[in-house]
Every structure is written in C-alpha cells, then in structure tokens.
Amino acid sequence: MVINSSGDAWKATKLGALHEALEDGTPAFHSIAALHCALEVHHRLYGSMDNVSQHTSFLAAALYDQMSSLTHLNGRRLCTIYKGKTADYNDRKTQAPTIAFNIRDDQGQWISKSYFERLATQNGIQLRTGGVCNPGGIAFYLGMSPGEMRENYVEGLRCGNGIDEMNGKPTGIIHVGLGSMSNSTDVETFMKFLRTFVDQETSRSPISKSQDNSEKSDLSERDVAAPMKQPSKKGVGIDDPIATARKPTLGKMLHTLRRFTCH
C-alpha cells in the first residue's frame, strides 16, 4: 500500500493477486543462511564499516560538489538536489552517501527521469529513479500536497509506469548511491555523462523505441537531453582507508569468494 501521513492521510491498497500484496518488503529469507559468509568476506575486503563510511562519504562529497556547480550557459543550474536543511556531505553523521536530484534544461523545464535512466543504462551506469519507496519524502521535497498525491494516483501514476511529470511537477527523483566498491573513476564517469545534459537543444525528441535497444552510445555525439512536454505513460582511488590500504577489485573479490569456506 501507499501511505501519505502529512495532514490528510490516505492509502491505496493493492487489490490484485495475493502475491502482489505480499511481495513488497518480503525479506530475502534464502539469503539469511549465507549472511555469516557475507559478513566474513566483507570484513576481509574492507576491514570495518567505519572504513566504508569514510570512503563513501569522501566520494559523495566530491560528487555533490561537482553536481552543484553544473550550470547552463545562461546561469540556470542543471541539478536540483534534495537534502535536509542540516545535512552536510562533509559530515557523514548527517548525510548518507546518496544524492537525490532532478535535472532541468536551460529553459527551466524538467528533463524526464525515465529518459535519463534509459540513457544512463545504455552507457553502463546503474541508478534508481521514481518514488524510491518513500512517498512521504517525495511529497515533501517535491512540494506535493496529500490532495495532489491522491489526484496523481487516481490519474494513473504508479511506480515505474513512465509518468514523469504531472501538473508541472516531477513525480519522483533520480537517485545515485556510492558503495564500498565505488571509486573516483565512477564519479568521473557519471559526471561525464551528466555534463552531456548541459545546454542541449530543447527541440530534440525523447529517446525512441529503436534507440532503447541500441548498443552503448557515444556520449560526445548521441546522448542529448530532451525536455518533458507531456507525461508519457506507458555509487568513487582516493585518499581514504579503503583506497590507500587495499583497493578491492572484482577479480580480487571473486578470488576471495572462491577460497572462502564457511564453517
């Protein structure tokens, strides 16, 4: 169900098959048996969660600073970043290594988050878009009243159905997160991709179905941002404990996993 508790509370109950009501939030109980093994391997790779926290916080601060400075030639900011008033990316006690944002073109129009995600996927970048299972937070940061949330739901808004803007407001966010295996190259790659949305022609059409299935595109030539006119239906080698002590690679991790025996 979806619940909005800010003022006029309401909920939308799933009325379809039983599994639809049960699957959201169901624990991955098959993984519980492997939890001990996973914790042991994690400790071998990274040492401690404090190391991971320092590492990811450093990267998130670097990414946030670069994203905040991106502007179009006319001075408009590319990114609208959502965070708490007391959150500080230089203080890991107040801010997690995640960034929630939306982007606008040089005329101030919202650029489709679904379009952004499709282009990111084509270029090997994995991120999350939508309501991120947090309707209350989405309502607060996007300035939606309970009445607007209810109206959007009645008009067909659902998670992942491609409706990106309603009544002039985005219906969700773009979410990037940095983890223990993230590094500075990941930050540089994402920033290179994000810069392709600066000062792009606003007359371009959204990505076509044929482009959806195309191979990885050339960032410098083909990835062009398009504004959203109508709703369409349908986480980075650094100076930190991990990087300086033992920078993990996928090969090293797999080698460790092969050698590890859980008792």
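D164 is buried, at 3% relative accessibility. In this predicted model, the D164 side chain forms a salt bridge with K113, with 2.7 Å between the closest N and O atoms. The number of salt bridges comes to three.

**D164 and K113**
- D164 sits in the loop between helix 6 (146-154) and strand 6 (165-166), while K113 belongs to helix 4 (residues 113-122), so this pair ties together parts 51 residues apart in sequence.
- K113 is buried as well, its relative accessible area being 7%; the cut-off for buried is under 20%.

**R92 and D50**
- A salt bridge joins the side chains of R92 and D50, at 3.0 Å from N to O.
- R92 is found in the loop between strand 3 (79-82) and strand 4 (98-103), and D50 in helix 3 (residues 49-68), so the contact links parts that are 42 residues apart in sequence.
- R92 is partly exposed, with 36% relative accessible area.
- D50 is partly exposed, with a value of 38%.

**K169 and E148**
- The side chains of K169 and E148 form a salt bridge with an N to O distance of 3.1 Å.
- K169 is part of strand 7 (residues 169-170) and E148 is part of helix 6, so the pair connects parts 21 residues apart in sequence.
- K169 is partly exposed at 23% relative accessibility.
- E148 is partly exposed too, with a relative accessible area of 22%.

Key. Residues are numbered from 1 along each chain as its sequence is written. This is a predicted model: local features need pLDDT of at least 70, side-chain atom pairs count only at pLDDT 80 or more; totals for chains, interfaces and linings use all residues. Side-chain values use heavy atoms; hydrogens and water are left out. A salt bridge is a side-chain nitrogen of Lys or Arg within 4 Å of a carboxyl oxygen of Asp or Glu. Helices (H or I, at least four residues) and strands (E, at least two) are DSSP runs, numbered from the N terminus. Buried means under 20% relative accessible area, exposed over 50%, partly exposed in between (1.4 Å probe, protein chains only).
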